[in-house]
Amino acid sequence: MEQSSAREEILQKLKQAPAEPVGPRPVLPPLAELSMTQEELVKRFTERLVEETGVVYRVKSYEEAIEKLTEIAQAENLKKVMVSTDEVIGQLNLPAWGTKQGIKIMTPLDFVDRDSYKDAVFLEADAGITGADFAVAESGTLGIRHRKDQARLISLAPILHIAVVPIERLVPTYEKAIDQVFANKNSLPSQFVFITGPSMTGDIQGVLFKGMHGPRKLMVILIG
Amino acid sequence: MEPRTEKFKELVARELHNPLSQKFLKVMPPIQNMKRSIGLSTFPDIEAAQAYGAAIRQEAIARLPELLEHFEKNALANGAQVFWARDAQEANEYILKLAKERGVKYVTKGKSMVTEETGLNEVLSQNGIEPWETDLGEFIAQQLNLPPFHIVGPAINVPVEEVRDIFMAKANLKEPTLDPVELGYAARLFLRDKFHHVQMGITGVNMAVAETGTIINVENEGNIRYTKASPRTQVSVMSIEKVVPTMKDALHLIRLLCRNCTGQKLSAYVSMDSGPKKKDEIDGPEELFIVIVDNGRTKIYQDLKARQVLRCIRCAACLNICPVYGQIGGYAYGWAYSGPMGQVLNPLLLGLEKTQDLYRATTLCAACKSVCPAGIDHPSLFLYYRHKDVTVDPYFGGKARPAQEIRFFKAWAWAIKRPWLWNLGIKMARPFINKNAREGIIRQIKGSFADWFRQRDLPAMAENTFHERWKNLKKEA
Amino acid sequence: MNKVSLFIPCTVDLFLPHIGEATVRLLRSLGVSVFYHEEQTCCGQPAMNAGYQKEAQKAAQHFLEVFGEDEIIVSPSGSCVCMVKYHYPELFENDPEWRRRAEEVASRIYEFSQFLVDVLHVEDVGASFSGKVAYHESCHILRGLKVSVQPKKLIQAVKGVELVPLNAADTCCGFGGEFAYHYADISESMVKNKVENYLASGADLLLLGEPGCLLNIGGYLSRNHPQKKIMHLASFLADYRREKA
């Protein structure tokens, strides 16, 4: 068959080429974050994300997180939001909050199909609220496993993304997150993303600005 | 993209006098270099971090067939489909077939240099399928029908007036503006609609991880994430050398890529796909097609010295540091790849005959080599290709040197072992070289050296060479 | 250590012999006995750069025959030293005997400032100069040989001198041998930048260690800014040595 012959041809050519020994890896000193305390990690995470114009709020409990969300909703004049159905967002009981605040809370489960969900998340949602699986201190980065309860477009299409993260999920470096996410080859997430700050570009005359295609604002509420 | 690598000198002359290009080149590369230094300083040991990256890429290339098979096995186990394309035509035809089968009218494209190489966009449009570049720089370059000025910022030099005009004509810009931010937001609105309704998206691949069968993309804008979230079909195109052994290796390379490219610790988004979406997910692709493209690379791989160019991670650090790129910009190199990485890659993909100037228009200053996180030795490759011309190497498509030059070096080699002849030659050359000398300065010599004298003098050849002066110096002791 | 073999590049031999003379006089003033093999011709760099490796091998073989017995070889040039140190062993990749000879000689060859500071352990050669100087970091000396601290130490030890910063000091001046006349317009643009930075530095004198750069930058200065001075480091140190009483 045409296809297997292309594959065979390419691999054959590569295999018959002269062999090259694999060189040794140089010694790599560990990153500073690996020896930080949790408070230092929080500080590092916050500094790095704020450098990218992210906003970081630290609250003590889920109740305080709801209070913070209320503040944000008022400041940003949120009318309709799309939210994930992950375990962290679940704990916040956003539908109840939405009713109280007069904010329409939508989740992907409300929609019968991809197209109607897309219409909502592209055209209606003022914000996307999601949990995150990790907060990585070394660059102020969120790590998110996409799955049924963590749809992709929620943290991408609306102009504001709010992420709620329990502080236990704070890790020093990407490896600490990746080790967990990719531990079992048989249960890999269809997509795993690292998000560092809002969307940005410098493609016109090198002028940097936020909010190119993805969110223009990113807010993180750390609980703990 | 049609190569114009044979027009190098002409394009250089034009670009050196292009005030817009020159204005950009005075400002941007120095800023990028500064950002790069600052970004790299977050490594405890910068040299070790760069050397480690080079070691990863060396291993990836050394183990290429094995890693590709491993990657494919794991990608298939994840539910992806894998297609191998020997050349541009096979890759383009396959992707076109996928689009036609699915009745797709347009695709959104994340930045993919290998598809620029294969000319995929032209094939799609000729067949009634509109390819929308969605990376802002690529979008602008596409609308203006311009080649890339820089591999990372392809339209970064384009003046805002031109961007405004093209956006008003083609991107629904209603109110004219010269504000890059407003222009960017206009593009956002225009392309948002495409992302919303797209049925098939095409991306490149920054890294393909053999260990897990995962493809990784690095971006700042979000257009790649859209292309991987919104449509039902995702096609990701990778050239064979993109594979890396492990996730840990990929992470280190991503740290290096972002710092070397823009000075960022991490780009805004890094997305890692291990197969299509799961059945119960509402967004993400139902089908993920990974296209593995050869297009001349297995041929490069046969040569142990040339194959190091396959280590390149497309960070563009070499462009930003190169003093030649800094004078002429990306257009002069005549193809998808510019700067030093283009100077080592284009000759291998297009053949030496078509790219004669690319590996000669360098002072061998080695700034590129000194910043490369993949450990590529560009200067030694430039010398290698020149040697392949001298030997008229058929494998590389070497082009014979001018007869006069060949004769010159034969005579030179003959004299070099015969000091009496060497020094006699110098004595005899002196009156010719000094013909136009006045007061110890030569302001003009006709012939192959003539261009030196447009802006520069040369000291006259000394009446007594050092060799002749040694007799006295010996006595002085 | 107090006997060195002098390797004089063609550029110096033909166009800048005073640099060779300065090198000899300076080394002698430091108690070093200098000899010069009269059979030396050229290191072969022009052929190597043009892709003529067979011809470059001939030059290399001659060089290795001439310099093969020397304990220390010193040259007032970085690119020629790089040619011997790095390209000679490569040229004889497939010839174990010549490769061995090349590696031996490669281990014994030094650029001028590298020899003074790293081998002779001298920084103060007894020179004085009142004024501001700037230093251009030639590509082969800086990136090829990793020599940068040494020339600056030598300069700063000169009594009365002020070494001022030079913007983009480590950016290539645009010489590159053949490049300078084959791609003259790019080369001119590069040397123009270099000279603009020199002028902006406020220095009275530009110093460097590479004869090729000297011809290039010096050539542009001669045509466009004839009053601005440029010198090879060896000439500078030799000429401004305070005379012994």
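This is a predicted model: local features need pLDDT of at least 70, side-chain atom pairs count only at pLDDT 80 or more; totals for chains, interfaces and linings use all residues.

1. Of the two pairs of chains in contact, chains A and B share the most contacts. Chain A and chain C, by contrast, do not touch, and their nearest C-alpha atoms lie 16 Å apart.

2. Which residues count in the contact of chain A with chain B, and how much area is buried there? The contact involves 90 residues of chain A and 106 residues of chain B, and the area buried between the two chains is about 8,300 Å², with carbon and sulfur atoms giving 56% of that figure. On the chain A side, A:Arg25, A:Arg114 and A:His213 together supply 11% of the area that chain A buries against chain B, which is more than any other three residues.

3. The rule finds 11 salt bridges across the interface of chain A and chain B, and one of the salt bridges joins the side chains of A:Lys15 and B:Glu69, with an N to O distance of 3.2 Å. Between these chains there are also 54 residue pairs in polar contact, counted where both residues have pLDDT 80 or more.

4. Several elements of chain A each supply at least two residues of the side that touches chain B, including helix H1 (2-16), helix H2 (38-51), helix H6 (114-124), strand E6 (141-146) and helix H7 (174-181). Of the elements of chain A, H1(A) gives the most to that side, with 12 residues. By class, the residues of chain A that touch chain B divide into 45 nonpolar, 21 polar and 24 charged.

5. Strand pairing also links these two chains. E9(A), which covers residues 191-195, is joined by five bridges to strand E9 of chain B (residues 269-273), and the two strands run antiparallel. Within this pairing, A:Val193 stands opposite B:Ser271 in E9(B).

6. For chain B with chain C, the contact takes 65 residues from chain B and 66 residues from chain C. The two chains bury about 5,800 Å² between them, and 62% of this is on carbon and sulfur atoms. B:Arg456, B:Phe466 and B:Trp470 supply 13% of the area that chain B buries against chain C, more than any other three residues of the chain.

7. The count between chain B and chain C is five salt bridges, and among them is the one in which the side chains of B:Glu476 and C:Arg25 meet, at 3.1 Å from N to O. Across this interface the rule also finds 30 residue pairs in polar contact, both residues being at pLDDT 80 or more.

8. The largest share, eight residues, comes from H21(B). The residues of chain B that touch chain C divide into 36 nonpolar, 11 polar and 18 charged.

9. One helix pair crosses from chain B to chain C: the axes of H1(B) and helix H11 of chain C (residues 184-201) come within 10 Å and cross at roughly 35°. B:Phe8, B:Val12, B:Ala13 and B:Leu16 make the contact from H1(B), while C:Asp185, C:Ile186 and C:Ser189 make it from H11(C). By class, this contact has five nonpolar, one polar and one charged residues.

10. Within chain B, an open sheet of three strands has the order E11-E12-E13, with antiparallel pairing. Strand E11 (437-438) and strand E13 (458-459) stand at the edges with a single partner strand each, so one side of each is left without a neighbour in the sheet. E11(B) is joined by two bridges to strand E12 (residues 441-442), and in E12(B) the bridge partner of B:Ala437 is B:Ile442.

11. In chain C, strand E1 (residues 3-6) pairs in the parallel sense with strand E2 (residues 33-35) over three bridges, and E1(C) is also joined by two bridges to strand E3 (residues 73-75), again running parallel. C:Ser5 stands opposite C:Phe35 in E2(C) and opposite C:Ile73 in E3(C).

Conventions
Residues are numbered from 1 along each chain as its sequence is written. Chains are lettered from A and ligands numbered from 1 in the order in which they are written. Side-chain values use heavy atoms; hydrogens and water are left out. Contact means heavy atoms within 4.5 Å. Buried area is the accessible area (1.4 Å probe) that two parts lose on being put together, summed over both. A salt bridge is a side-chain nitrogen of Lys or Arg within 4 Å of a carboxyl oxygen of Asp or Glu. A polar contact is a pair of N or O atoms within 3.5 Å; within protein, one must be able to donate a hydrogen and the other to accept it, and residues adjacent in sequence count only if both atoms are side-chain atoms. Helices (H or I, at least four residues) and strands (E, at least two) are DSSP runs, numbered from the N terminus. Ala, Val, Leu, Ile, Met, Phe, Trp, Tyr, Cys and Pro count as nonpolar, Asp, Glu, Lys and Arg as charged, and the others, Gly among them, as polar. Two strands pair if DSSP finds at least two bridges between them. Axes are lines fitted to C-alpha atoms, for helices over the stretch in contact, and angles run from 0 to 180 degrees between N-to-C directions.
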